[in-house]
Every structure is written in C-alpha cells, then in structure tokens.
Amino acid sequence: MGPVRYYISIFLRRLPYFLIIVISVSVAAVIIAVSLPATYVAQMRLIVESPQIPRALASSTVTTPAQEQLQLVEQRLLTRPVLLDISRKFAVLPDQSNASPDQIVDALRKQTRIRINTGANQASLMTIIFEARSGQIAAGVLNEYLTEVQNLDVDYRKGRASDTLEFFK
C-alpha cells in the first residue's frame, strides 16, 4: 500500500495546478464554442442503378457508365449559372449584395462537397453535402441541387431517346 499512498500524496499536492489547467482549458473551449457561428449541414444521397430491362429484350444503343454519369452531374451542378441562380434564390451569403459573382461562386463551391462511390458489383452512390448559416438555406440549396439533377436526367434521357430515334430513321 506504500506506493499507492505515495502517488495519492503527489496527486493531492499537484491538485491545484491540475485544476487550474482543467478550468482554464474548459473556459477557453466554452468561449470558442459560443463565439463561433452556427453551421448547419444538409446531406443527400443519389443512387444510380443499372437498367432493369434485360439486354436480350431491349439493348440500349447508347450506354454511359454510372461513374461517368455521376461525374457529369457533379460538373453541371457546380457550374457558374447554376450556383448563381441558387445564390439568388436563397441569399446563401450574408453580404451577398456586396459580393462579386466570382466570390459567390467560390463560396458556394467551398460550401458544397460531393463524393462519388463506385465499385464492381455495387450501386454507384453520390453524396452531396452543403453547409450554410441556417438549416432552411442548407435544405433549400440541396433541394435545388436535386431539382437540377432531375432536370439533367430528363434532358439526358430525352437526348438518348431522340438519338436512338434518329438512328433508326
């Protein structure tokens, strides 16, 4: 019991120093947490599935791999006109009226994160994450991204169908 009693006596002698450090670090952490602005994050996942119709029944004349489709979607989502339109709808930046279009586009690109996961024998997955100063803005921007993805998909399918029709004429 001798060594345990020795270590307890050392700890009790150093307890004031220990408490000073713990309290000062805790106070600093609370001050930093309170002073930082609130950030809200919204996230959505898109799954790209392979066609459900067997190739023997209806083979497609134009095929685009899922990874390539997702990369096209990513590039089109982050284009300047799309980002400026979204920023006008939701006033994403607090001082947006004073910001140049380049600053707005850069800020939206920094606030948007897109990850694409693909692999053999698995569905392709795209995760889009947006950070904003309010939950309504974050959710609204992601809804606009989803609308844009759906519009791109419709345009892509119409283009493929018309190309196939032209091929058979």
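This is a predicted model: local features need pLDDT of at least 70, side-chain atom pairs count only at pLDDT 80 or more; totals for chains, interfaces and linings use all residues.
Student: What makes Ala 91 stand out after H3?
Tutor: Its phi: Ala 91 follows H3 and has a positive phi, near 45°. Residues are numbered from 1 along each chain as its sequence is written, and side-chain values use heavy atoms, with hydrogens and water left out.

Student: Why is H3 called roughly perpendicular to H4?
Tutor: The two pack at about 90°, with axes 9 Å apart. Axes are lines fitted to C-alpha atoms, for helices over the stretch in contact, and angles run from 0 to 180 degrees between N-to-C directions. Under 35 degrees is roughly parallel, over 145 roughly antiparallel, 65 to 115 roughly perpendicular, and the rest oblique. So H3 is roughly perpendicular to H4.

Student: Which residues of H3 meet H4?
Tutor: Arg 80, Leu 83, Leu 84, Ile 86 and Ser 87 do, and their partners in H4 include Pro 101, Ile 104 and Leu 108. Contact here means heavy atoms within 4.5 Å.

Student: Which residues of H3 are buried?
Tutor: Val 82, Leu 83, Leu 84, Ile 86 and Ser 87. Buried is under 20% relative accessible area, exposed over 50%, partly exposed in between (1.4 Å probe, protein chains only).

Student: How do you know that E2 and E3 pair?
Tutor: Pairing takes at least two DSSP bridges, and six bridges join E2 (residues 112-117) to E3 (residues 124-132), so these antiparallel strands qualify. Among the bridge partners, Arg 115 has Thr 127, and Ile 114 has Ile 128.

Student: What makes E1 and E2 edge strands?
Tutor: The open sheet runs E1-E3-E2 with antiparallel pairing. E1 and E2 each have a single partner strand, so one side of each is left without a neighbour in the sheet. The twist averages 15° from one strand to the next.

Student: Which residues touch the most other members of the largest nonpolar core?
Tutor: Ile 128, Phe 130 and Tyr 145, out of 29 residues. H5 gives the most to this core, with six residues. A nonpolar core joins buried Ala, Val, Leu, Ile, Met, Phe, Trp, Tyr and Cys residues through side-chain atoms within 4.5 Å.

Note on methods. Helices (H or I, at least four residues) and strands (E, at least two) are DSSP runs, numbered from the N terminus.
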